[in-house]
2 protein chains.
Amino acid sequence: MTIAESPIRGSLDLPGQSADAATTIDVPPGLKGVIVSETGVGDVRGEEGFYHYRQYSAIDLAEQRPLEDVWRLMIDGALPSSATQRQDFIAEVGRLRSIPLPIVDVLPAIAAASEPLEGLRSALSLAAAHRMLRPTIDIAPARRRADALFLCAVTPTLLCALHRLRRGMTPVEPRDDLCYAANYLWMLHGTEPPAAHADAVEQYLISTIDHGFNASTFTARVVASTGADLGACVVAAIGALSGPLHGGAPSRALALLDEVRTPDRLDAVVRPMIERGDKIMGFGHPVYKTDDPRSVMLKGVARRLAGNDTASGRFVAFAEATEHRVLQLLDEMKPGRRLHTNVEFYAGVVMELAGIPREMFTPTFASSRVIGWCANILEQAADNKIIRPSARYVGLQPPVPVPQFADRH
Amino acid sequence: MTIAESPIRGSLDLPGQSADAATTIDVPPGLKGVIVSETGVGDVRGEEGFYHYRQYSAIDLAEQRPLEDVWRLMIDGALPSSATQRQDFIAEVGRLRSIPLPIVDVLPAIAAASEPLEGLRSALSLAAAHRMLRPTIDIAPARRRADALFLCAVTPTLLCALHRLRRGMTPVEPRDDLCYAANYLWMLHGTEPPAAHADAVEQYLISTIDHGFNASTFTARVVASTGADLGACVVAAIGALSGPLHGGAPSRALALLDEVRTPDRLDAVVRPMIERGDKIMGFGHPVYKTDDPRSVMLKGVARRLAGNDTASGRFVAFAEATEHRVLQLLDEMKPGRRLHTNVEFYAGVVMELAGIPREMFTPTFASSRVIGWCANILEQAADNKIIRPSARYVGLQPPVPVPQFADRH
């Protein structure tokens, strides 16, 4: 498609230059609202508090399907429609969980130097090279799909191994007989988790697979647009997710609960934070102007997970009381801002109750988000155009003669 | 800046939705011509065949200054204005050339699994973690600058070590007493290079430090916009550069010379390629509609490098004859396309003459481009807004009820 044919609004023709060079388009900072691509992967409707993976509500999927079904939906475009199809996919990805041997040997050095998410960046980069992932532009769709499944399947194994090594523990081999989330908790702790923990973590993981063109997903697509291999794309996305402005930290929401300690201290802690203009972790979202549907679902998950256990029930009740009061205070002190609870708040509560250590909260998020990245990378590769924007130079006008003060060296 | 204040042209207000949700902007595919940022790092003027680093012609800099001067210009914003300032900077970055010890231990495993550029992706990721690079959003500008200098300084050392290990050779320690390019060739070969080789490679490296908002530079800025550490940004950019549609391969231009072999075979080889619609490597550029200024400079470098050596002189003459005839044929067979020789053609010739092995052509390009990436990352971090675009969902309309065929597991 040429510039002339493309659906530009607001093209700007400067006189005296060719149309090609002069057609520049100013857009809002951060590309806010700029449609960079069409997609069939999913979408977020911020005003409605709704998001979906392909044609299904992501929340419905999280409540009704095992993670592997949703994984298949994202990568292959369809849910399994029979128990056989489901089992075939589970078996296929189950075989890809193990860490290739040469990578196993290097993991202790990576773990010693790195937090788990940083470590994943290095280890997955190396695993992609070891498996000889080739540029997507040079390989058939079936090979790209195989590369995507490998990266998604090995990511949880790498993360848990890096975590355990960093804590001085031996990595735990993945198990084929456990479902995705139960295997994740098994590899993390070396013990079989209660079914309620696995179910809760599975729902959380499904609900975080994809969420529009956030910075890491967009990063994955920009790298994919160069025809680079899937490993390069996913490693880049991990880097974007590690940014505090993006991947966030569900552990920060817990840090708020730690600071408040008891409900009677809520106003004393939170009021000054809002007065100072501090961001209250776990509240507010750039897209949702209503309840974050993930937050609503995870609150239910947290309640079920607490069940009849007194300590857990007290913790969830305290979290709910905190949420309630923070929202009241935000509404009172920041009227019109429409701030709601975001995914971080109850994600932190659920992961804490399920026994996931806090330093693994963001890595756990990454372990399912890699599926969404891969779905986006495969879509980009299937109908690609390199993403190469422009900038406006605003520095001193060149060419200024290069000052000479001595010979070259 | 709010949407209302920002310089949108072509905002689209859909009835019945709030302005915020409805303000979407359609732009050309691949963000072509879309101004995503202001910058003071540099610019490319495609119609003029001119590009610059800050206020200076990049070609002038490559012809008149040592690489470290330009490196300082990119990172600190100014050329050194005295011999003392120059020496201070050279000493500062010289101290950062060595590979940290724990990374040295892991390099053989990385080299065994990886091509050099892939290997750099893994090794630099690990080196960044080892050096405990922190999110740019959490650290002061001086710390960010130090992180940038470290990544730029250690990259050539890592690349040469990975190359030698992959070939079964022992890595060669960097030397403080050699200039940037001489040290690079020293680490590659383990012998001191002729001054003419070092000078030629230095000019090439300077000329490839930066070149507008290409895909890898944009990738670096998107990751930087999340507040991630400089290592995450550079590792992501390496991934983008590894894509065949971006980083290209100056070795492909040499492959054309290999195929032609002798000038009398030019028409027989090239005509069918153009007829088939094959891309002729080394010709055509998405931005330059005239001579690529890097190509013009590198042709001169190649001539000087050949000097009085008969074999080298014959090689350069053959390359020039090939360039001349390919341009004639392109003009004849693709009239109006305005295809010119790009940087790849004479970059390949220069690197071949300077003794750089072909598999190191693109990695050598990366070894200086990392300076441009870092200049862009520091600029993004200094005045940041997260880059988070939108997409248009075009799949089946949700919500479709999730089909049930069995229990959850």
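This is a predicted model: local features need pLDDT of at least 70, side-chain atom pairs count only at pLDDT 80 or more; totals for chains, interfaces and linings use all residues.

**Stop 1: Thr341(A)**

Start by selecting Thr341(A), in the loop between α15 (310-333) and α16 (343-353) of chain A. Is this threonine buried or exposed? Thr341(A) counts as buried, because its relative accessibility is 2%, and the cut-off for buried is under 20%. Now show side chains: the one on Thr341(A) makes a polar contact with the side chain of Glu323(A), at 2.7 Å. Leave out the neighbours within four places in sequence, and the residues in contact with Thr341(A) are Gly282(A), Phe283(A), Asp292(A), Ser295(A), Glu323(A), Leu327(A) and Tyr346(A).

**Stop 2: Gln380(A)**

Stay in chain A and pick Gln380(A), which sits in helix α17 (residues 361-382). Gln380(A) has 6% relative accessibility, so it counts as buried.

**Stop 3**

Select Pro398(A) and Pro399(A): the peptide bond joining them is cis, with omega about -5 degrees. Pro399(A) lies in the segment after β6 (390-393) of chain A. Jump over to chain B and you'll find a cis bond from Pro398(B) to Pro399(B), omega near -5 degrees. Here Pro399(B) is in the segment after β6 (390-393) of chain B.

Back in chain A, click Met132(A), in the loop between α6 (116-130) and α7 (141-166). What is its phi? Phi of Met132(A) is near 55 degrees, a positive value in a residue that isn't glycine. Met132(A) counts as exposed, since its relative accessibility is 53% and the cut-off for exposed is over 50%.

Then go to Arg261(B), in the loop between α12 (250-260) and α13 (266-276) of chain B. Its phi is near 70 degrees, again positive in a residue other than glycine. Arg261(B) is exposed, at a relative accessible area of 57%.

**Stop 4: Arg97(B)**

Now for another arginine in chain B. Arg97(B) is in the loop between α4 (83-94) and α5 (101-113). Is Arg97(B) buried or exposed? With a relative accessible area of 8%, it is buried. Show what it touches beyond four places in sequence: Glu68(B), Ala153(B), Val154(B), Thr157(B), Pro174(B), Arg175(B), Asp176(B), Leu178(B), Cys179(B), Tyr180(B) and Asn183(B).

**Stop 5: α3 and α4 of chain B**

Switch to cartoon for the helix pairs. Select α3 (residues 67-76) and α4 of chain B, which pack at an angle of about 85 degrees with their axes 10 Å apart. That angle makes α3(B) and α4(B) roughly perpendicular to each other. On the α3(B) side, pick Glu68(B), Asp69(B), Trp71(B), Arg72(B) and Asp76(B); they meet Gln85(B), Arg86(B), Phe89(B), Ile90(B) and Val93(B) in α4(B). Colour this contact by class and you get four nonpolar, one polar and five charged residues.

**Stop 6: α14 and α15 of chain B**

Move to α14 (residues 293-306) and α15 (residues 310-333) of chain B, whose axes come within 8 Å and cross at roughly 155 degrees. The pair is therefore roughly antiparallel, and the crossing is left-handed. The contact uses Ser295(B), Lys299(B), Ala302(B), Arg303(B) and Ala306(B) from α14(B), with Ser312(B), Gly313(B), Val316(B), Glu320(B) and Glu323(B) from α15(B). By class, that is three nonpolar, three polar and four charged residues.

**Stop 7: α7 and α17 of chain B**

Finish with α7 (residues 141-166) and α17 (residues 361-382) of chain B. Their axes come within 9 Å and cross at roughly 170 degrees, which means α7(B) is roughly antiparallel to α17(B). Among the contact residues are Ala148(B), Cys152(B) and Leu159(B) of α7(B), and Val370(B), Ile371(B) and Leu378(B) of α17(B). How many residues of each class make up this contact? The contact of α7(B) with α17(B) has 11 nonpolar, two polar and two charged residues.

How values were computed: Residues are numbered from 1 along each chain as its sequence is written. Chains are lettered from A and ligands numbered from 1 in the order in which they are written. Side-chain values use heavy atoms; hydrogens and water are left out. Helices (H or I, at least four residues) and strands (E, at least two) are DSSP runs, numbered from the N terminus. Buried means under 20% relative accessible area, exposed over 50%, partly exposed in between (1.4 Å probe, protein chains only). A polar contact is a pair of N or O atoms within 3.5 Å; within protein, one must be able to donate a hydrogen and the other to accept it, and residues adjacent in sequence count only if both atoms are side-chain atoms. Contact means heavy atoms within 4.5 Å. Axes are lines fitted to C-alpha atoms, for helices over the stretch in contact, and angles run from 0 to 180 degrees between N-to-C directions. Angles under 35 degrees count as roughly parallel, over 145 as roughly antiparallel, 65 to 115 as roughly perpendicular and the rest as oblique. A crossing is left-handed if the near helix is turned anticlockwise from the far one by less than a right angle, and right-handed if clockwise. Ala, Val, Leu, Ile, Met, Phe, Trp, Tyr, Cys and Pro count as nonpolar, Asp, Glu, Lys and Arg as charged, and the others, Gly among them, as polar.
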